[in-house]
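Try each task before reading its solution.

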Amino acid sequence: MKRLRLLLTRPDEASAALAQHVQARGWRCVVEAMQTPRPTQVPVPDINDIQAVLITSAQSLANLQGRMLPRDLPILCVGDATAQAARSAGFRRVRSADGDVKELAALAALRLDPRHGALLHLCALTAPHRLARMLRERGFEVRRWHVYRVVETTSLSPSCRRILAARGLDAALFFSPRAAATFVRLVLAHGLEDCCTALRAYALSPAVAAALAPLPWRDVVTARRPRQDSLLASIESYEDP
C-alpha cells in the first residue's frame, strides 16, 4: 500500500488523537486545523428535572472547564469516540448511538420517556437545531447548553500553502460541513484551487461532501457511516488509477 500523505483539518487536540491512528497505518500527516474550540461562560442551566444528557461532540466535554454535571446522569452520545470521552470524564451511565444525530434521536426516543423529564444537549454556540427539533417532534423538552464556541481559521499557514502548491499531499480529511466550508473559502482566497486536482477529499458525511463541492478535487469519497473508523477504512481502500 502506498504511504499516503494526509491533511488533517480537525482542531489540534482532535487531530493529534487522529494522527495516532493515521501513523499506525503507516501514513504520514500534516495538521491544519480549520477551527479552534473555545469554552463559553454560559452557566450550568437548571438540571433538577433533567433525565439525560445528549452529547454530539467530544468538544463539549473538553470545554466544560470545571462546570460540573452529576456523573451518574445518563449520557447519550452520538458515537463511540464521544462515548469514550464521556467515560474518561467520569460519567458512569453512557450509551453510544454509533452514528449521527438521527440515530442519537432514535436512541433517545427508544431509551427515554418525555414524561420523565427534560433532555440537556451539550453543544457549540452555533450548533444546528436538528437534534432538538427531532426530539421535540417526539414530545421531549430539549434544553441546549452552549458550552463552547468555534473560532474559524482565517488563513492557511505558510507551510500548508507551500505543501499544497508543491502537490505534496495525497488526500485531505474533513469531519464537519463547517470545517469543509472554511477550507474551501481559504483555498479560494489564496488562489490554490488548482492544487486540489491532485487531492482526494474524504468526507465524514454527505453534508460534508456537499460543502467541498466548490473545489476541483481529484475525487470526493464519503464514509459509509459517519464514524472516524469508517472514514479511515475508506482510505485503506485507496488505489491509484
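**Exercise 1. In which loop is the place of Trp27? Then say whether Trp27 counts as buried or exposed.**

Before the solution, two notes on the ground rules. This is a predicted model, in which local features need pLDDT of at least 70 and side-chain atom pairs count only at pLDDT 80 or more, while totals for chains, interfaces and linings use all residues. Residues are numbered from 1 along each chain as its sequence is written, and side-chain values use heavy atoms, with hydrogens and water left out.

Step 1. Find helix 1 (12-24) and strand 2; Trp27 is in the loop between them. Helices (H or I, at least four residues) and strands (E, at least two) are DSSP runs, numbered from the N terminus.

Step 2. Check the accessibility: Trp27 has 2% relative accessibility and counts as buried. Buried means under 20% relative accessible area, exposed over 50%, and partly exposed in between, with a 1.4 Å probe and protein chains only.

Step 3. Now look along the chain to His190, which is 163 residues from Trp27 in sequence and 27 Å from it in space, C-alpha to C-alpha.

**Exercise 2. Describe the open sheet of 6 strands: what is its order, and which are its edge strands?**

Step 1. Read the order across the sheet: 3-8-7-4-5-6, with mixed pairing. Two strands pair if DSSP finds at least two bridges between them.

Step 2. Go to the edges, where strand 3 (35-39) and strand 6 each pair on one side only.

Step 3. Zoom in on one pair: strand 7 (residues 118-124) and strand 8 (residues 142-152) run in the parallel sense over 6 bridges. Ala124 has Tyr148 of strand 8 as its bridge partner.

**Exercise 3. Work out how helix 4 and helix 5 pack: at roughly what angle do their axes cross, and which residues make the contact?**

Step 1. Recall that two packed helices are described by the angle between their axes and the distance between the axes.

Step 2. Apply this to helix 4 (residues 101-111) and helix 5 (residues 130-137), whose axes come within 9 Å and cross at roughly 35 degrees. Axes are lines fitted to C-alpha atoms, for helices over the stretch in contact, and angles run from 0 to 180 degrees between N-to-C directions.

Step 3. List the residues. Helix 4 gives Val101, Lys102, Leu104, Ala105 and Ala108, and helix 5 gives Arg130, Leu131, Met134 and Leu135. Contact means heavy atoms within 4.5 Å.

Step 4. Sort them by type: 7 nonpolar, no polar and 2 charged. Here Ala, Val, Leu, Ile, Met, Phe, Trp, Tyr, Cys and Pro count as nonpolar, Asp, Glu, Lys and Arg as charged, and the others, Gly among them, as polar.

Step 5. Place the helices on the strands. Helix 4 lies across strand 4 (50-55), strand 5 (74-77) and strand 6, at about 150 degrees to strand 5. Helix 5 lies across strand 4, strand 7 and strand 8, at about 165 degrees to strand 8.

**Exercise 4. How many disulfides does the structure hold?**

Step 1. The count is 0, a disulfide being a pair of cysteine sulfur atoms within 2.5 Å.

Step 2. For Cys123, the nearest cysteine sulfur is that of Cys77, 14 Å away. Cys123 is buried, with a relative accessible area of 1%.

Step 3. For Cys196, the closest cysteine sulfur is in Cys195 at 6.8 Å, too far for a bond. Cys196 is buried at 1% relative accessibility.
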